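Subject: Structure for you to look at

Hello,

Here is the structure I said I would pass on. My notes on what was found in it come after it.

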Amino acid sequence: MLILTLSGVFLFGMITSVEKNKLNHLKKYVLLVLAITSLAGWWIYSMSPTAWENLLGARMQDFLTLTLSVLIEALPFVILGVTISVLIQLFLPPNWILNHLPKNIYLRRIILSVSGIALPVCECGNVPVARSLIAKGLSPAESLVFLFTAPIINPITYISTVEAFRLDPSIVAWRFAGALIIANVVASLIGYLGRSRPIVTEEFAAVCEADEHHHRPTLRYGLDLFYREFWTVLRMLGLGAVIAAASQTFIPREVVTSIGSHGFLSILAMISLAFTISICSNVDAFFALTYARTFTSGSIVSFLVFGPMIDIKLLALMKSTYRPWVLATMTGSVFVLSFLLGLVVNYVR
Amino acid sequence: MFDKRTLRGLHWAIGFILCSYILRLGLQNQLNLYIHPRYNLFALCMAAFGLLLCGVGLIMSRQQPHSHDHKKAKEHFGFLDLILIVLILCTIFIEPKPLLSATADQRKSQKYISATSLQAATSFQPKSLIDWSYAIYSSPNPAIYNGREVDIIGFVYQPKDQQVAPDKVYIARFQVSCCAVDASLVTIPISYPAWESRLKRDSWVRVRGTLSAIDDEEPWQVVATHADYITQPQDPYEYTIPQ
């Protein structure tokens, strides 16, 4: 009841504050409907707590249970992941990594490939890190090695993938090996093509000189960082959870199993899914788990490798740094390689 | 448009309510409707920590925001925010419930499940529904179970794509290895005359009877002597990995 009252007060406060700020009509309308619905809901609930169960179909009830299950399973991992990422951004000096990278190109690639172990930030947090690395003098092609491997080869992603696939540990191995290979191949390809043309955008090249101002690690700044990452991840997670649950509840079983058991189509379906839902790599294993029983193992691995490297949200973020031809080449090559990886896994298992 | 401060306040509040929801479920012993119990402690600790952070963030967002955001941070109330708000309203108004027939219809009943606790098949004493299903379908010599007394708990399930038989229905249980999305269905057919007038679908029952071999289509079933309604068990799912 306390929560109900609080949320009522909160919604009311929101609407009044919205009035002041001249929210456009549609959004005001949506909020009003929400507020009225929740008040009506509250009223029905206070009369009879079981009324909802009869109102809500069994299918909707299960849909809700599944959605919340993804959310509840993943939220603690999100909090942990974002907290660690914020701590690193607060306390690790920005050029520390660059100063400690070896000069030998192969050794440097190897170190960059596994540097995610020390920097467990998820993919959106990685773009700023990669930017600062380039600004500090790392070659743009090598920044891609970091950008692609760090979201996968890091402790949080490792723990959540192992936890999700306890019954099938080989998925974890495939995911990590696949990420290492694909990231290095794609980075080399871009490096090769980039010999004759620029890789980073003009705007970013200009920013590179000016961008560096280090913040003092204050509570407010830390919270600011936490807010930005936490919220980006949480809202994507909400959408991902709804999609995962809906595909389990509303799409007929026959359709799901016929696509999922098809060696070729299942990979295509999972990669498209990874591209559109843009779920964070720290928790995408729980999402993939939804499909683990119906989809081929290869398609699950493709999803887990492709998703952290390329998706709508990441492309939007990376557009600020890399030129269009780089984005197109990396999307194409990561797609082809993840697809091949999926086929190999399907063939081997 | 919201101003940035209000929007931040809203976002912190959403995080706050979600964390408090996890804590509430934990206090009411209902987390296991969603996730495997081995996560309970971790989930509760992180939720408490998240609650603290979101609380502080909420309070501090009331003060003038420190302008660390560069221009790129586009902040506006969107569809994704709406999804989370609707989900939060659902958590407030709708009682948590375990998965039942609606999801069961979406899953195929698993017959060959691997339960980690079942290595030694010979000395194995099946107790739960899932144990029994495993014992019957994976034993090289299932005949040894013929005539054995069975005492199992599950919910009443009639598959949507099967014709209703007057004296045959299924008792079902979900098995979870990580969280509810990976729940797999395990069923055992029971023979119980005129079940439709005596058992309500999706209700939890305790069934006692004997195991017997029958026709070719469904090689085994439990001939039920008793089927009594029970309250929903504390752990509605069974778990593949020991807690």
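**Salt bridges between the chains**

A:Asp224 pairs with B:Arg8 in a salt bridge, with 2.6 Å between the closest N and O atoms. Please keep in mind throughout that this is a predicted model. The rule finds three salt bridges across the interface of chain A and chain B. Across that interface there are also 16 residue pairs in polar contact, both residues being at pLDDT 80 or more. On the chain A side, at least two residues each come from several helices, among them helix 1 (2-20), helix 2 (25-47), helix 9 (155-164) and helix 12. Helix 4 of chain A gives the most to the side that touches chain B, namely 20 residues.

**The interface as a whole**

In total, 74 residues of chain A are in contact with 83 residues of chain B. The two chains bury about 7,200 Å² between them, and carbon and sulfur atoms give 71% of that area. Within chain A, the residues that lose the most area to chain B are A:Arg220, A:Tyr227 and A:Arg253, which together make up 11% of what that side buries.

**Salt bridges within chain A**

Over all chains, the count of salt bridges comes to twelve. A:Asp224 has a partner in its own chain as well: A:Arg228 forms a salt bridge with A:Asp224, where the closest N and O atoms are 3.5 Å apart. Both residues belong to helix 12 (residues 219-249) of chain A and are four residues apart, about one turn of the helix. A:Asp224 counts as buried because its relative accessibility is 6%, and the cut-off for buried is under 20%.

Elsewhere, salt bridges with shared partners join A:Arg108, A:Arg109 and A:Glu142 into one network. A:Glu142 and A:Arg108 form a salt bridge with their closest N and O atoms 3.0 Å apart. This pair links distant parts of the chain, with A:Glu142 in helix 8 (residues 140-149) and A:Arg108 in helix 6 (residues 105-114) of chain A, 34 residues apart. The side chain of A:Glu142 also meets that of A:Arg109 in a salt bridge, at 3.7 Å from N to O. Here too the link is between helix 6 and helix 8 of chain A, the two residues being 33 residues apart. A:Glu142 and A:Arg108 are both buried, and A:Arg109 is buried as well.

**Nonpolar cores**

Which residues touch the most other members of the largest nonpolar core? They are A:Met309, A:Tyr322 and A:Met330, in a core of 155 residues. Helix 4 (residues 58-91) of chain A supplies the largest share of this core, 16 residues. Another core, of 25 residues, lies apart from it and includes B:Val169, B:Ile171, B:Trp195 and B:Ala224. Neighbours within four places in sequence left aside, A:Met330 is in contact with A:Leu144, A:Phe148, A:Val186, A:Ile190, A:Ile310, A:Met318 and A:Tyr322.

**Helix 3 of chain B**

Helix 3 of chain B covers residues 79-93, 15 residues in all. From first C-alpha to last it reaches 21 Å, close to the 21 Å expected at 1.5 Å a residue. This helix is mostly covered, with twelve of its 15 residues buried. Among the buried ones are B:Leu80, B:Asp81, B:Ile83, B:Cys90, B:Thr91 and B:Phe93.

Regards

Definitions and conventions. Residues are numbered from 1 along each chain as its sequence is written. Chains are lettered from A and ligands numbered from 1 in the order in which they are written. This is a predicted model: local features need pLDDT of at least 70, side-chain atom pairs count only at pLDDT 80 or more; totals for chains, interfaces and linings use all residues. Side-chain values use heavy atoms; hydrogens and water are left out. The expected span of a helix is 1.5 Å times one less than its number of residues. Buried means under 20% relative accessible area, exposed over 50%, partly exposed in between (1.4 Å probe, protein chains only). A nonpolar core is a set of buried Ala, Val, Leu, Ile, Met, Phe, Trp, Tyr and Cys residues joined through side-chain atoms within 4.5 Å. Contact means heavy atoms within 4.5 Å. A salt bridge is a side-chain nitrogen of Lys or Arg within 4 Å of a carboxyl oxygen of Asp or Glu. Buried area is the accessible area (1.4 Å probe) that two parts lose on being put together, summed over both. A polar contact is a pair of N or O atoms within 3.5 Å; within protein, one must be able to donate a hydrogen and the other to accept it, and residues adjacent in sequence count only if both atoms are side-chain atoms.
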